[in-house]
Amino acid sequence: MTTEATTNTGGKPAKKLTMKKRYSALTRDLDWKPSYVTEEQMFPHTTYEGIKIHDWSKWDDPFRLTVDAYYRYQAEKDKRLYSVLDGFAQGQGHLTISEARYLNAMKVFLGGVTPLEYAAHRHFAYLARHYNGPGPRFAALCQSIDEMRHAQTEIHTLSNYNKYYSGFHNFSESFDRVWYLSVPKSYFDDALTAGPFEFLIAIGFSFEYLLTNLLFVPFMSAASFNGDLPTMTFGFSAQSDESRHMTLGLEAIKFLLEQDEDNVPIVQEWVDKWFWRGYRVTAIIAQMLDYMLPRPVMSWKEAFELYFEEQMLGGLFPDLAYYGIKPPRHVEQAIWEKDHLSHVVYETLYNFSFAANFTTTVPDEEHHKWLAQQYPDTYEKTYKPRWDKYEELDKAGKRQYFPGLPQLCQVCQVPMCFPAHDDETQTQFHSEFEGEHYNLCSEGCKWIFEREPGKYRQAWLPVHQILAGNCGGPTVPDVLAWYKFQEGDNGEYVGSVDHKHWIEWHDQIEDVAGETADAGKEA
Amino acid sequence: MQYELKTQVIEPTRHTFDHIAARYGDRPATRYQEGTIGLQPKENFHYRPSYAPEREMYDVNYSAYKLADPEGFVDPRGYYYTPYVTNRSEMHEGFGASLEYVTKRELFGRTPDAWKTVMTEVLIPTRHYESGAQMLFSGACRFCYGSALAQCCAYESFDRVGNAQLISRIGIALGDQTATVLREGKRAWMEAEHMQPLRKLIEELLIEEDWADSVTGIDYADRLLSALLHKHLEEVAINNGAGAYSLLIQHLDGWYAEHRKWLDALYKAWTSDETHGASNIELFSASANKWLPQAEAAVRDIAARADELLGADAGCVAAVEAAALETREALSKLGLTVEEAR
């Protein structure tokens, strides 16, 4: 804890505060060095990870946001956002989106991303208590309540769809229960149970900076392309908060690296771990971009090349090399996978959507064409034939579902569907720990497991839990009842409740228009 | 007479989310409810926290105080993010207008010297106390159980750094846009005898293991400080030609009255809980008997310094003693067994 001198010394007349000193007086000068308890007692969690901080005052506040300015900006932004939400709801705006099945993307978002905002809200509060330095504490405090804003504005944005469409209604409990949501949940649980510095690299740096354009932003772009005005407006409204969070993430890694050379190898391992951990969560985004959108934005491959290979590997990592940080381990596997990821994941979800809170369907002709263009090396050769087979089965009245439960990776918890770079037939890796056998989806997850086997063996793996009878009972209907699924939440899109309603509601509107037009002709 | 706008009506399939309907019925829910209730995960956590390996990530056992239905507690103010920031934006704007008026009319220049010293040595040091309160409530936000309560703690923590900034701005204005007054205030916080018991109190509260003990503990000091700084000194200031103090402090007094609402609701929930009421009352009584005497001694020392500066007829110590008595009565009404002042 340090204090910055904010005034003159000696007998000369005091100087008026500059903007910078004034900001400092309103923030970090509030801090003091405790003397009735020790610093170790006051901040008991900032030593056990091995990170060494010599001077907390070196943390740079890039924003100089004071509390009154924060309230003013945020209140103004919310006023605008909620007026859009209200107008959209009042005008039955949900009928103007591209198609009901677009909302599958938003069901994934509300179930899989909104709870992450909430988790970030709680744990940035932990940093706002537990960091020794007032600079990062205040930055974390702002982020903590921003994250609450995001969780709430997302819920309020999607609340209107919940009134008319399936799959949204039990989002909060689903996060704790539904099998595929254990992928984002275990990611955040992993971060929240780590120490305060690892959390900062996991969420502040990896999630909010390194991968944010692949994790969060694709949903907002999807909304904009598919006529989802409220979500798009939310996305724009969150933009200035997100840019603060991104700056915090970058400041965080630089701060840790500059404080002590011994921090470099620790941070490198966290970058390696959290890149791969985060990248595996993007599997859900990849399939959303390529398969769930009636009007696609860009392919996963294109997004990955632009936002990760160009901006991060080409832009960020050369800067970090100055500190001795190398591009993340296993990145070459991720690059190779960009031609495969979305296809294998959507195929898996297609097979298991009987147990998900969204629906899936075989791509139509136009969609096949788009996918073939986007993936010239793999789509027609490997993946289209599989869809053709599923379509045939569907036409014969035998819609394909996998008759059983998938094997999940012990670390990322994604079903083990990923082909390996050097051997496309290999989709399974294994490890042993204290006489037990563990299944892993990739070299990346195997490496993460073997770094901390004592942690990852604790994982609440949904499939194991189902098989152990801990999820409502031994049969699939028992499990779906435990998920509180309703008719229309899951399975095939074509002929689903949402699909039928969509047609019915649009017929209603068009009939009215037709009658008016006819009446006009007669006159 | 009103005009009739024809609109297309599509009947909704449901009115709200399952967990809201389960608690409040399937009818249109408020934004507070949908944005608050049930957001905290409850089960199937994956890993144990490295900083508390014996606990879950969210665990009722981070405190000995318990509620049979943790989501049954709600913020009586109904604050979710938007009304919260909207209300506080207005509060800070109101404060800014008062401060501008004080500055423009040079009211500090017309304030008696004794009062300037009171502000420098008594009020300004509490910016550090408020900053400690931010940390305290941030810790409570992370480790308390239930999303409605965590949300109250989150906004409280932000309120407290906001208060610290309001008080700092008074100090900057009093120092004629320099840091002189803040520096003297900080010296008082670190070294002056009359501020040490309060600093000791907040430092010790920050290392309390149980977040609920920290929250109840700081409240005793808050009650007495409010009685001294927001109520009593404000009254004396008006009679003493220190109108600037009154104009500025009213904004903190308004905040204090409002913040009591959620705390009092929490106390009521704790003490009247069907399952845990008796044990909560026991814990709460122990907290009161441990921290209230320390808070009283700490704030009395500060009041004594104010009396020293303003003259004994300023009656600050007596005001704090009266407030301590009132606090004991209020706590007794909740069912607590609170020992008499020593």
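Start by selecting A221(B): leaving out residues up to four places away in sequence, this alanine touches L198(B), L201(B), A295(B), A298(B) and V299(B). Here two residues are in contact if their C-beta atoms, placed from the backbone, lie within 7 Å.

Before you go on, a word on what is on your screen. This is a predicted model, in which local features need pLDDT of at least 70 and side-chain atom pairs count only at pLDDT 80 or more, while totals for chains, interfaces and linings use all residues. Residues are numbered from 1 along each chain as its sequence is written, and chains are lettered from A and ligands numbered from 1 in the order in which they are written.

**Stop 1**

**Stop 2: chain B as a whole**

Show chain B as a cartoon. What secondary structure does chain B have? You will find 12 helices and 0 strands; both kinds of element are DSSP runs numbered from the N terminus, helices being H or I with at least four residues and strands E with at least two. The radius of gyration of chain B is 23 Å, close to the 20 Å that the globule rule gives for 342 residues, so chain B is as compact as a globular protein of that length. That radius is taken over C-alpha atoms, and the rule is 2.2 Å times the number of residues to the power 0.38. Along the principal axes, the C-alpha atoms of chain B fill a box of roughly 70 × 60 × 40 Å. Of the 342 residues in chain B, 53% count as buried. Among contacts in chain B with a separation of 6 or more, 71% are between residues 24 or more positions apart.

**Stop 3: a helix inside chain A**

**Stop 4: where the chains meet**

Select both sides of the contact: 73 residues come from chain A and 70 residues from chain B. On the chain A side, α6(A) supplies the largest share, 14 residues. By class, that side has 33 nonpolar, 20 polar and 20 charged residues. Ala, Val, Leu, Ile, Met, Phe, Trp, Tyr, Cys and Pro count as nonpolar, Asp, Glu, Lys and Arg as charged, and the others, Gly among them, as polar.

Staying with helix α6 (residues 134-164) of chain A, pick Q143(A). Is Q143(A) buried or exposed? Q143(A) counts as buried because it has 25 C-beta neighbours inside 10 Å. Beyond neighbours within four places in sequence, Q143(A) is in contact with F124(A), H245(A) and L248(A). Draw a C-alpha to C-alpha distance from Q143(A) to F124(A): they are 6.6 Å apart in space and 19 residues apart in sequence.

**Stop 5: two positive phi angles**

Q92(A) lies in the loop between α3 and α4 (103-112) of chain A. Although Q92(A) is not a glycine, it has a positive phi of about 50°. With 16 C-beta neighbours inside 10 Å, Q92(A) is partly exposed.

Then jump to D176(B), in the loop between α6 (147-174) and α7 (180-191) of chain B. D176(B) is not a glycine either, yet has a positive phi of about 55°. D176(B) is partly exposed, with 15 other C-beta atoms within 10 Å.

**Stop 6: confidence coloring**

Finally, color by pLDDT, the predictor's confidence in each residue, from 0 to 100. Chain A has a mean pLDDT of 93, with 95% of its residues at 70 or more. Over residues 1-10 of chain A the pLDDT is below 50, and this stretch has 32 contacts in the model beyond near neighbours in sequence. Residues 517-523 of chain A also stay under 50, with 0 contacts beyond four places in sequence. Chain B averages a pLDDT of 96. The model scores ipTM 0.97 and pTM 0.95.

Key:
A residue is buried if 20 or more other C-beta atoms lie within 10 Å of its own, exposed if 12 or fewer, and partly exposed in between; C-beta atoms are placed from the backbone.
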